[in-house]
Amino acid sequence: MPSNRPYTAIARVYDLLDLPFEYRRYRPIRHLLFESTGGNILDAGVGTGRNMAFYPPGATVTGIDLSPAMLARAEKRKKPLGVSCQLLEKDVAATGLEDSCFDFIIATFLFCVLDDEDQLPALRELKRLCKPDGEIRILEYQLSEKPLTRFTMRLWAPWVRFMYGATFDRQTERYVPDAGLTLVEDRFVFKDIIKLLILRP
Ligand SMILES: C[S@@+](CC[C@H](N)C(=O)[O-])C[C@H]1O[C@@H](n2cnc3c(N)ncnc32)[C@H](O)[C@@H]1O
């Protein structure tokens, strides 16, 4: 069972800590995850609910997260945004949810937090939950190829690992074929450090 320790400790200050990145990097690209989506949607690793403002009207959204403290923050965010979604405490690698129940599965900055050995089980679980004609959309960090940016990211890495349990070099796409998924899109959406992966069963 993975640990939710970092997020229990930082849930109260997570939004504040992340604020500059949220406004400069993440907010302008979050809409990409929800474009042309609808039906049943899973927000895996929902965190404090930062994707909520982009949920398509009329969709039935379920948010899962390992950390009760992060889920409590997400619960508070629902009302002011007028969002209705179900929030559940679940490990993404073993959700216990029904097979093929989601049209779209969204995971923003979840896989950078999952250890290497948890990447494949998590992708396999998402494939099980995704309808055969559904889609999985993932937003993730990658180490830049540009020397100065790469150096700066490496300087930040110990802090990011300590605070968030995250790393910049997970290479989630490596596990896609073994999970029985097909990578249909793989493109950078912020410089050469944040990429959008679109997978289909
Ligand atoms: C970096 S935060 C991203 C939160 C949100 N998706 C966002 O875009 O702001 C990662 C989240 O993944 C959750 N998480 C970590 N491991 C998990 C697991 N095994 N199953 C479900 N959620 C997990 C953490 O508790 C945390 O809320």
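These legends describe close-up views of one predicted model. Residues are numbered from 1 along each chain as its sequence is written. In this predicted model, local features need pLDDT of at least 70 and side-chain atom pairs count only at pLDDT 80 or more, while totals for chains, interfaces and linings use all residues.

View B. Helices (H or I, at least four residues) and strands (E, at least two) are DSSP runs, numbered from the N terminus. Helix α2 spans residues 68-81 and has 14 residues. From first C-alpha to last, α2 reaches 20 Å, close to the 20 Å expected. That expected span is 1.5 Å times one less than the number of residues. Met70, Leu71, Arg73 and Ala74 are buried in α2 (20 or more other C-beta atoms within 10 Å of the residue's own; exposed means 12 or fewer, partly exposed in between; C-beta atoms are placed from the backbone). These four buried residues cover an arc of only 155 degrees around the axis, so they sit on the same side of α2. The arc is that of the directions from the helix axis to the C-beta atoms. On the other side, Lys76, Lys79 and Pro80 are exposed. Just after α2, Gly82 takes a positive phi of about 70 degrees.

**View C. The open sheet.** Seven strands form an open sheet in the order β3-β2-β1-β4-β5-β7-β6, with mixed pairing. Strands pair if DSSP finds at least two bridges between them. The edge strands, β3 (85-89) and β6 (182-190), each pair on one side only. Strands β4 (residues 102-108) and β5 (residues 130-141) run parallel, joined by six bridges. Ala107 stands opposite Ile138 in β5.

**View D. Val189 in strand β6.** Val189 lies in β6. It counts as partly exposed because it has 15 C-beta neighbours inside 10 Å. Val189 and Leu139 are 50 residues apart in sequence, yet 8.9 Å apart in space, C-alpha to C-alpha.

**View E. Two loop residues with positive phi.** Most residues other than glycine have a negative phi. Ser100, not a glycine, has a positive phi of about 45 degrees. Ser100 lies in the loop between β3 and β4. Lys191 also has a positive phi of about 45 degrees. Lys191 lies in the loop between β6 and β7 (194-200). Lys191 is exposed, with 10 other C-beta atoms within 10 Å.
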